[in-house]
Amino acid sequence: MHLLRTFARAAGTAAVLLSTTALVQAADVSFLTHWGPDTVAKLEAAAAAYTKDHPDTKITVRAVPFGDLLTTLRSSGGGADGATIAGIYDAWLPDLSKDKLVAPVPDAIAADTKANWPAGVIGAASIGGTLYGIPNEIDVYALNYNKKLFAAAGITDAPKTWDEFLADAEKLTDKSKGQQGFGMINSWAAGVLHPFASLLVSNGGELVVDGKPTLDSKQATETFELYEKLIKSGYSDPAMATADANTTGPFLDNFVSGKTGMIIMANWWESALKAGMGDNFADVATAPIPVGPSGDTARSISYSWMTVVNAKASADEQKAAWDFLSWLNGPSSGPNGASAMGDILMSMGILPSRTSDGAAFKDKLEGDAFLKGYTETLANAKGFPVVLGGQEFSEALQKTLEAVQFGQLSAADAQKTAQSDATEILTRAAQ
Amino acid sequence: MTAIAAAADTRPLERPHRRITAVSAALTILIVAVAVVAAFPLAWMVLTSLKTPQETMHVPPVWLPASPNLEAYSKVSDVVSIGRSFFNSAVIALVTTVAIIITSLMAGYAFAKYQFRYRELLFALLLSTMFLPPIVTLIPLYRIVGYLELTGSLWGVVVPNLANAFGIFLMRQFIRGVPDELIEAARVDGASELRVLFQIVAPSVLPAIAALTLFAFVYHWNSYLWPLTVLQGNADQYPIVISLSRLLSYNRGAMNTGLVMAGATLAVLPPVVLFVILQRFFVDSVISSGVKG
Amino acid sequence: MQRRQTQSAVAMLAPATGLITVFVFVPMLLTLWLAFQSWSTQTGFETARFIGVQNFIDIFSNSSVGRDFKAALLNTLIYTVLSVVLILPLSVAFGLLVHQKLAPGGIVLRTVLFSTYMVPMIAVALVFSKLYSPTEGPLNQVLGWIGVPPQTWLSSPQTALTSIVILNVWQQVGYFTVLAVAGLTQIPDSLYEAAKIDGANPLQRFWSITLPLLGNTLLFSAVIAIINSVQVFEPVALITQGGPVNATNVLTYFIRRVGIERAQGGLGSAMAVTLMLSLVVAIAALFALARSREAKSA
């Protein structure tokens with residue numbers, strides 16, 4: 001009997017002791033991110049430099065794989081134990097702010113941010129005019145193609161219109177070699193949606209206007225039909241398009257090994273390409289998205305990331321967090337007038353969105369032939385819709401597009417389903 | 001952990017008449033074939049962990065590394081803190097196992113040797129939880145653990161698992177077989193019930209305890225869904241199985257196959273080693289009578 | 001004497017019962033309650049709003065959540081049935097291989113088979129994802145040696161689910177083999193001797209003695225196999241993420257996605273309740289089947 005009680009008491013005490021968040025000395029700031037270990041090391045170095053000048057702020061980095069980032073954010077939401085700072089994808093902002101999980105940027109810092117970042121990303125980081133995060137990464141999509149395969153097929157320039165695009169896809173497809181003209185992607189939401197959306201906007205269409213989906217437009221019809229044609233004609237092989245949970249997989253391997261002629265992808269996959277292709281990376285070139293029959297100029301889809309602060313953290317922690325973020329994203333923290341954040345992003349081959357970073361890294365950006373194709377596209381890029389229910393909207397559209405890829409749905413049916421799903425999801429989420 | 005430690009033969013193999021008949025030859029071939037197929041994935045895992053990144057990406061696949069090297073293993077320790085992860089896994093597995101053994105012994109003893117009202121009803125109720133997949137209770141359990149302020153810590157992972165219906169079932173089955181006279185004698189000598197349980201009964205069911213140890217330890221060492229949900233990105237609390245998934249996103253995934261296989265090999269070692277050690281216990285004495293009925 | 005026993009009983013049962021009540025029963029009841037509420041998993045229980053059976057209507061409707069749920073339910077059913085149908089016969093076959101005494105190596109085989117059950121599911125998923133790789137994986141290569149064209153494995157909706165089933169069977173068959181061996185050990189040799197004297201050949205002995213007497217073991221194995229299969233999570237979460245085109249969307253994965261990631265606690269709980277009910281029905285059906293078999297053979 002006594003043994004039991006002692007055991008229970010000891011366990012209980014131990015539980016309380018071990019589980020209570022560590023004795024807070026001033027501000028304990030945690031930073032949740034999806035970055036890989038190399039990049040995390042850079043972030044930790046920046047944090048160490050900050051702590052040297054601000055000894056009462058302790059910063060720890062928590063890294064999770066990208067696939068788990070949203071889940072981690074959501075499961076830790078509603079508690080003071082959640083990470084103080086989190087790097088989030090702009091599409092997640094509306095739902096997080098609706099559930100009151102993110103705090104608005106303090107006025108002084110907000111004013112400074114609005115002055116130093118382009119209007120587009122500021123918009124993506126705001127809800128109803130209130131700024132909720134400091135933007136960092138901006139990503140955009142472009143057509144990637146294999147110059148060697150182009151030469152072998154007798155193609156000199158990148159396709160500028162959809163007709164040229166389809167013609168080139170046909171020339172590049174060679175079943176006997178297991179070669180496909182255009183690579184699609186499946187099993188990964190962004191991989192399925194963003195290339196489709198890029199083609200849609202390059203055709204003059206939109207995904208969502210004023211909170212209402214416009215997937216029933218003529219421009220959307222043409223885009224769905226383009227996909228249907230690519231699959232039916234065999235220019236795209238869905239079995240070669242699989243992506244793993246870590247956003248790589250056969251779709252990447254096939255482009256790397258020269259089995260895919262063209263693919264639409266974002267700028268950040270440059271490091272994966274370099275690592276996989278080695279010297280053959282010189283065969284890769286980038287170009288703007290081909291323009292559709294209803295489009296006027298080449299457009300692309302962009303999306304951004306930002307850092308937000310946990311609304312449920314203590315006032316001290318929130319203040320310390322914003323101060324750190326303001327420094328991290330400011331011109332004094334990195335080399336040559338760049339920000340430490342900009343420096344971290346450039347190390348991953350990712351474009352920083354801060355205007356002064358664009359200037360500070362001008363030479364590097366212009367010297368990189370691969371990135372050039374992307375920076376050119378940036379001017380005409382439309383942000384991927386940032387709406388309430390955005391994640392669910394994306395996942396539903398993803399399933400419909402995958403059904404088209406595998407020939408399970410016709411373009412017409414897919415369009416109908418996509419529009420009705422989107423309408424239902426967005427109206428429900430807006431309530 | 002809904003499985004029974006059933007296990008093996010109760011008597012050692014008798015020496016057969018080793019006539020090499022066609023039948024025995026065919027059987028031997030079959031046995032070897034099945035063993036090879038069963039062992040193949042694990043063998044591939046270990047071999048790949050010793051290959052260079054180029055060898056892992058080679059088309060067609062390379063089976064044997066030209067010059068096996070431990071590069072991948074040293075890289076693993078760059079990416080995840082192996083020591084810390086193993087420690088976390090060990091804490092989770094050990095604490096849970098010890099607690100399960102204690103609570104199961106106590107409850108199993110009561111069900112096996114005590115008379116009290118509603119005994120069978122209570123036992124049936126507890127047993128029914130064996131058939132409940134954890135996902136069914138995941139969401140509210142997550143919030144409950146949050147109310148107890150245990151999220152993000154190893155305790156949050158451990159505390160909901162300190163007792164287990166299967167363990168109770170197993171202990172009850174085996175304690176039933178302990179002679180009442182033994183227990184009475186100890187009581188007459190003035191021993192408290194706890195004493196009786198831990199000094200007399202427990203040693204008599206050691207094989208069952210060994211079986212339960214193996215299953216509880218391995219199950220909680222390998223457990224993924226619950227720790228993932230509770231630990232919320234607190235990477236220094238991650239057990240090794242969750243740390244493994246961080247290996248996947250290393251270098252955005254390009255050329256990390258060897259790395260992932262090395263990490264997987266490391267994660268696989270402790271449960272398999274423990275199994276090889278404790279397996280002898282089964283062969284010696286665990287009776288499948290536990291499975292009856 | 002009785003009084004003291006009850007007191008001691010309470011003391012002995014308190015830890016286990018208390019823990020199981022708090023961490024299993026209470027959450028189970030909460031899940032039942034939450035299935036009828038509109039509730040965000042981010043918030044405390046007090047924010048739950050009663051909405052009757054709306055959640056159940058939603059998950060069986062034609063909305064995207066409904067379509068996904070029905071797909072997950074169907075996939076989980078197919079996955080479970082395929083797994084059980086493959087595992088049970090294989091476990092009996094391997095069990096016989098282990099148990100027999102004509103050829104050596106039974107114990108080694110048992111060790112090899114059983115050890116696969118010890119491997120963490122995540123390691124299994126990772127290894128198999130590489131084995132299944134269309135160009136870099138050895139499986140397609142080996143198939144090529146025997147003239148079979150390369151399979152699409154995880155890359156096609158038709159084959160993805162089956163690929164995970166194979167993975168599951170590989171991991172679990174050793175465990176069920178041990179159960180089968182335990183069952184086989186209980187069959188007295190005298191029965192076989194008697195049958196041999198009566199002139200029965202090995203196949204006949206198998207069908208009329210071995211299989212019927214393994215009945216209990218097989219029933220038990222089936223129940224455990226069903227419960228294990230329903231819990232499939234790691235391969236889907238780490239490798240396929242429910243794809244391609246929902247082909248590997250399974251209940252555990254989808255409930256977690258809706259209930260935790262999208263914080264739609266009410267919907268997630270409704271799905272969980274549906275899963276629970278399906279299990280009860282399935283297991284009850286199994287027992288009924290077994291009992292009717294017994295009655296028939298009696």
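**Exercise 1. How many residue pairs are in polar contact across the interface of chain C and chain B?**

Solution. This is a predicted model, in which local features need pLDDT of at least 70 and side-chain atom pairs count only at pLDDT 80 or more, while totals for chains, interfaces and linings use all residues. Residues are numbered from 1 along each chain as its sequence is written, chains are lettered from A and ligands numbered from 1 in the order in which they are written, and side-chain values use heavy atoms, with hydrogens and water left out.

Step 1: a polar contact is a pair of N or O atoms within 3.5 Å; within protein, one must be able to donate a hydrogen and the other to accept it, and residues adjacent in sequence count only if both atoms are side-chain atoms. Step 2: by this rule, eight residue pairs, both at pLDDT 80 or more, are in polar contact across the interface of chain C and chain B.

**Exercise 2. Describe the extent of the interface of chain C and chain B.**

Solution. Step 1: counting contact as heavy atoms within 4.5 Å, 97 residues of chain C and 105 residues of chain B take part. Step 2: the buried area, which is the accessible area (1.4 Å probe) that two parts lose on being put together, summed over both, is about 8,800 Å², and carbon and sulfur atoms give 77% of that. Step 3: on the side of chain C, Met12(C), Phe23(C) and Met118(C) lose the most area to chain B, together 9% of what that side buries. Step 4: helices are DSSP runs of H or I with at least four residues, strands are runs of E with at least two, and both are numbered from the N terminus; helix 1 (residues 2–34) of chain C gives the largest share of the side that touches chain B, 23 residues.

**Exercise 3. Describe how chain A meets chain C.**

Solution. Step 1: here 34 residues of chain A are in contact with 32 residues of chain C, and the buried area is about 2,500 Å², of which carbon and sulfur atoms give 48%. Step 2: Thr71(A), Arg74(A) and Lys399(A) supply 21% of the area that chain A buries against chain C, more than any other three residues. Step 3: there are five salt bridges between chain A and chain C, and Lys399(A) forms a salt bridge with Asp68(C), where the closest N and O atoms are 3.0 Å apart. Step 4: helix 18 of chain A provides seven residues, the largest share of the side that touches chain C.

**Exercise 4. Is Ile200(B) buried, partly exposed or exposed?**

Solution. Step 1: buried means under 20% relative accessible area and exposed over 50%, with partly exposed in between (1.4 Å probe, protein chains only). Step 2: Ile200(B) has a relative accessibility of 27% and therefore counts as partly exposed. Step 3: Ile200(B) is placed in helix 10 (residues 193–204) of chain B, and, not counting residues up to four places away in sequence, Ile200(B) touches Leu182(B), Ala186(B) and Arg195(B). Step 4: for the setting, chain B has 14 helices and zero strands, and 61% of its 293 residues count as buried.

Notes: Salt bridge = Lys/Arg side-chain N within 4 Å of Asp/Glu carboxyl O.
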